[in-house]
Amino acid sequence: MKKVLLTLIASSFLLMGMAQSNKRALKHSDYDGWKDVQNHKISNDGEWISYEINPQKGDGYLYLYQQSKAKLDSFPRGYAAQFSANSKSLIFKIKAQFDTIRQAKLKKVKAKDLPKDSLAILNLSSNNIEKFANLKSYKTAAENGEWMAYFVETKKVAKDTTNKTDKPKKKKKKGQDKAKVGDLNLRNLLTNEVLEFSDVSDYSISRNGKAVTFITQSQDSISEAKVSLLNFQDKKQNIIFNEKGLAEKSSISSNGDKLAFIFSADTTKQKVYNLQYFDTKLDYAKLILDSTNTSTTKDWTVNENSKLDFSRDGQQLFFGIAPIAEKEKKDTLLDTEKYKVDVWSWKDPLLQSEQKVNLKKEQKRTYLAVYNTKKKTINQLANNDLPRIKLYDHGNANLALGSSVLPYQMEQSWNDWFSDYYLVNVETGQSDLVMTKKNSRVEISPSQKYLYWYETADSTWNTYTIANKKSHKLTLNIPFNFYSETHDTPSNPRPYGIMGWTEDDKYILIQDRYDIWKIDPKGKEKASNLTQGNGRDNKIRFNYIKLDKEEQTIDLSQTVLLKAFGEFNKKAGFYTLTNGESPKKICFEDVSYSTPIKAKDTNQLVWKRSTFIDYPNLWVSDFNFKNEKQISDANPQQKDILWGNVELVDWVSGDGDKLQGMLYKPENFDPNKKYPMLVYFYERSSDRLHKHYIPQPNWSIINPTYCVSNDYLVFMPDIVYPKVGYPGESAYSSVVTGTLAMMDRFDYIDKENVALQGQSWGGYQIGYLVTKTNLYKCAMAGAPVSNMTSAYGGIRWASGHSRMSQYEHTQSRIGGTLWEKPFQYIENSPIFSIPKIETPLLIMHNDHDGAVPWYQGIEFFVAMRRLQKPCWMLSYNNEAHNLKGRANRMDLSIRTMQFFDYYLKGEAAPAWMVDGIPAIKKGKYDGYELKK
């Protein structure tokens with residue numbers, strides 16, 4: 001028996017070896033076909049699940065899974081699927097073939113003439129599918145699945161060439177805009193009945209699916225606008241407006257009994273609009289707001305940027321207003337006769353750079369106003385001094401929250417953000433200032449009894465009783481912290497968050513680091529720990545999962561679902577919670593889970609589960625995760641690829657902190673072999689232990705999957721920053737001690753061939769580390785800050801924001817100005833220690849980087865070049881902080897690994913490293929070939 005057992009074991013190892021020998025390492029050419037599961041949806045009845053599987057390049061598929069029959073169907077190039085509310089139909093778009101689009105682009109076909117999407121409507125009972133070409137858009141009702149609307153390009157009619165000289169061609173009247181029109185089709189998904197309307201420019205379907213409104217715009221020299229309301233019960237087109245001019249922005253109430261739109265009779269380019277309203281008690285639309293109104297700021301009205309929305313109950317119509325634009329003066333100057341200058345003033349609330357980034361947004365800014373459909377009154381809610389208004393309960397609530405950052409805009413260039421808050425009465429328009437200079441978000445409770453917020457100054461959660469204007473500190477006497485205990489920047493820490501409110505605002509549910517607390521918003525009752533300390537006792541973080549998107553309050557008498565995460569063992573799973581009971585574990589495993597989505601009318605769930613090895617495919621189950629079943633298989637080709645494994649490691653930093661990290665190993669790992677190791681880091685990353693990295697070209701960082709598949713080890717250490725003013729030293733204390741701990745612990749690490757890689761903040765830390773140690777054979781730094789003294793006064797060009805606050809309060813962690821702490825800025829800047837660097841360096845810094853100024857990479861490179869230290873810099877044209885262009889991402893992936901292969905594996909150097917690539921050869925020669 002013992003001999004048989006040994007034979008079986010030997011045979012098993014032989015088979016494993018044979019299976020592994022048939023596998024190969026990943027190549028860069030594998031990326032295009034590697035796929036991703038996207039946009040999964042579940043029907044309201046829980047019977048159907050749709051999802052896309054798309055390759056990184058090429059045509060994908062839309063899949064449809066039927067639960068009761070375990071049946072899977074697929075539709076080539078399908079995407080953006082949506083189930084009808086009654087779960088009887090699936091509506092989706094179909095893309096034109098990838099190669100067809102590509103060939104058209106090669107032929108320089110204009111974007112408007114490229115092949116268009118098609119619409120597909122699938123009857124889930126009969127499996128009958130219909131397709132419609134040249135789709136512009138489609139809409140379905142949220143609460144009824146009988147009717148839908150889809151909008152297609154107008155069918156082209158062959159031109160009549162006979163007697164073409166008989167009639168002169170009509171000239172468009174100067175300034176007369178033509179709306180882009182198409183054909184609107186209203187389709188009954190149960191009977192296939194279709195109502196078709198031409199020359200439609202805009203449309204909207206009611207939430208209950210019982211009515212639709214649409215605008216038809218004639219294409220005559222002077223356009224005529226017709227606005228119609230169609231009730232699906234009698235299917236009669238009721239024209240409620242018919243005037244010469246342009247109508248836009250149609251909006252319909254949830255019940256389909258009210259509609260609104262804007263209209264202008266102007267034939268000039270600059271138009272002044274008015275607001276039109278209709279309800280079923282009227283025979284014709286009526287004008288409710290124009291430039292002569294007295295209900296709002298003088299000379300303010302609606303415009304082409306206004307957004308029109310009815311409250312869910314239809315009692316309020318919300319719309320945007322703005323000052324009437326000044327008439328543009330006729331341009332009488334040549335371009336060369338115009339000066340072009342930005343005037344920067346020390347009194348400007350915002351820097352010119354911020355103003356320019358926000359210019360288009362500001363030009364389109366509107367201010368919220370409301371029309372009460374019962375009282376027939378208009379109230380302006382927002383204005384120049386109070387620009388932001390937040391509505392509640394889908395616009396049904398009487399109170400709104402106003403906020404303004406305007407008094408603190410200049411200060412935000414170097415300090416935290418702050419805002420004043422106002423209570424705004426929607427019915428009267430009255431606004432009352434209730435809080436000033438708060439740097440945390442304030443909200444109104446669901447029943448509108450309280451304001452609530454987190455006070456950063458004393459780290460407490462607070463409420464404000466609206467009725468008596470009294471405030472209450474809710475968490476002051478609870479012996480646990482409600483702020484982030486791992487916060488390590490020179491600023492006030494943020495809270496863990498709230499779970500929600502119970503009915504009628506009776507309790508607010510607030511999270512600490514691990515548990516959830518039930519707290520009386522008046523502060524009278526003693527707070528109780530809903531999760532009964534199970535989170536803290538087991539170092540598990542509990543978070544509430546909101547499965548019902550329409551949910552306003554939480555019913556604790558019903559079982560709710562909690563997501564759970566093990567802070568130190570990195571396990572994940574789900575628990576259920578019923579009021580008065582301890583959390584009940586459903587599953588808690590060495591995996592990563594996505595947040596599940598639930599069918600509206602049943603307890604069916606759809607979710608993803610993954611590990612470093614296992615792709616996050618889709619699974620279905622019931623509420624208790626019973627009868628689970630995998631329904632997607634995105635990348636079956638992975639079975640032929642050498643992958644890898646990951647393990648959690650720990651060590652003690654130079655500052656005495658207990659740290660964790662991840663060590664990735666090849667699948668065919670041999671402990672008796674020596675492996676080169678790449679060390680990648682940013683800040684903390686160990687919580688992503690079970691993250692699955694699909695093979696793909698990188699945008700700025702290495703891909704662990706590709707690396708271990710090609711016989712590298714990858715070490716990702718956590719970094720903590722216990723010393724304000726010394727971020728570089730903190731990085732050294734975490735990263736270098738972690739690297740040395742791994743080297744000391746594992747003999748299979750090739751100590752002579754270890755390298756660094758990181759991007760942005762990680763790139764900066766690499767720049768600092770190579771000035772302090774020669775431990776690493778080479779390093780690749782993306783977008784590194786090399787000189788904090790020049791970067792401090794720089795601009796984050798993507799936002800236009802000053803970089804000062806980053807150094808004084810956030811990630812860069814200096815904790816003071818350049819003139820207050822000059823030594824720390826110099827000490828933490830790699831540029832001042834370039835002569836000490838002996839580590840070959842590859843830099844990526846792109847010329848449109850909107851986060852870290854491009855010149856930071858240039859400063860680093862020219863200093864290394866001046867001292868004749870091995871250094872290369874890759875600058876991708878018109879690329880931002882991280883690469884977006886796929887060709888550029890592929891190029892970076894190839895060059896990065898060629899760099900590491902040369903230094904760490906002793907492979908031949910590529911030509912671009914040996915000879916560079918002269919500008920005259922740019923775009924013609926890649927220099928990938930290896931030189932012996």
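A polar contact, as I use it today, is a pair of N or O atoms within 3.5 Å; within protein, one must be able to donate a hydrogen and the other to accept it, and residues adjacent in sequence count only if both atoms are side-chain atoms. Now the ground rules. This is a predicted model, where local features need pLDDT of at least 70, side-chain atom pairs count only at pLDDT 80 or more, and totals for chains, interfaces and linings use all residues. Residues are numbered from 1 along each chain as its sequence is written, and side-chain values use heavy atoms, with hydrogens and water left out.

Start with Asn-208. A polar contact of 2.7 Å joins its side chain to that of Ser-206. Asn-208 is found in the loop between strand S12 (194-205) and strand S13 (211-217). Helices (H or I, at least four residues) and strands (E, at least two) are DSSP runs, numbered from the N terminus. Is Asn-208 buried or exposed? Buried, because its relative accessibility is 11%. The cut-offs: buried is under 20% relative accessible area, exposed is over 50%, and partly exposed is in between, with a 1.4 Å probe and protein chains only. Leave aside neighbours within four places in sequence, and Asn-208 is in contact with Ala-141, Glu-143, Asn-144, Ser-254, Asn-255 and Gly-256. Contact here means heavy atoms within 4.5 Å.

Next, Arg-513. Its place is the loop between strand S34 (508-511) and S35. At 16% relative accessibility, Arg-513 is buried too. Which side chains does the Arg-513 side chain meet in polar contacts? Glu-567 is one, at 2.9 Å. Tyr-514 is another, at 3.4 Å. Not counting residues up to four places away in sequence, Arg-513 touches Asn-481, Glu-485, Thr-486, Tyr-496, Arg-536, Arg-541 and Glu-567. Phe-482 sits 31 residues from Arg-513 in sequence, and their C-alpha atoms are 6.7 Å apart.

Now aromatics. The structure holds 44 aromatic pairs. Rings of Phe, Tyr and Trp (its six-membered ring) pair if their centres lie within 6.5 Å; planes under 30 degrees apart are stacked, over 60 edge-to-face, and the rest tilted. Take Phe-480 and Trp-517. Ring centres are 5.9 Å apart and the planes are at 40°, so this pair is tilted. Phe-480 lies in the loop between strand S32 (470-473) and strand S33 (498-501), while Trp-517 is in strand S35 (residues 516-519), so the pair ties together parts 37 residues apart in sequence. Phe-480 is partly exposed at 31%. Trp-517 is buried at 8%.

A second pair is Tyr-792 and Trp-819. Here the centres are 6.0 Å apart and the planes at 80°, so the pair is edge-to-face. Tyr-792 is in the loop between helix H9 (788-791) and strand S52 (795-796), and Trp-819 in the loop between helix H10 (804-808) and helix H11 (822-827). That links distant parts of the chain, 27 residues apart. Tyr-792 is buried at 2%; Trp-819 is exposed at 61%. There is also an aromatic cluster: Phe-574, Tyr-593, Trp-607, Trp-619 and Phe-625.

On to backbone. Most residues other than glycine have a negative phi. Asn-127 is not a glycine, yet its phi is positive, about 65°. Asn-127 lies in the loop between strand S7 (118-123) and strand S8 (129-132), and is partly exposed at 42%. Lys-376 also has a positive phi, about 60°, and is not a glycine. Its loop runs between strand S23 (367-372) and strand S24 (377-380). Lys-376 is partly exposed at 41%.

Buried elements. Why call helix H8 (residues 761-769) largely enclosed by the rest of the structure? Because 9 of its 9 residues are buried. Among them are Trp-761, Tyr-764 and Leu-769. Ile-444, in strand S29 (residues 442-444), is buried at 3%.

Last, the cavity. A cavity is a set of points on a 1 Å grid over the protein atoms alone where a 1.4 Å probe fits but cannot get out; lining residues have an atom within 4 Å of a point. Grid points are joined across faces, edges and corners, and a volume is the space filled by probe spheres set on the points. How many cavities of 30 Å³ or more are there? The count is 1. The largest cavity has a volume of about 50 Å³. Helix H6 (704-709) and helix H13 (886-905) each give two or more residues to its lining. Lining residues include His-28, Tyr-31, Asn-703 and Met-897.

Terms used
On a 1 Å grid over the protein atoms alone, a cavity is a set of points where a 1.4 Å probe fits but cannot get out, and a pocket is an open set with protein on both sides within 12 Å along at least five of seven lines; lining residues have an atom within 4 Å of a point.
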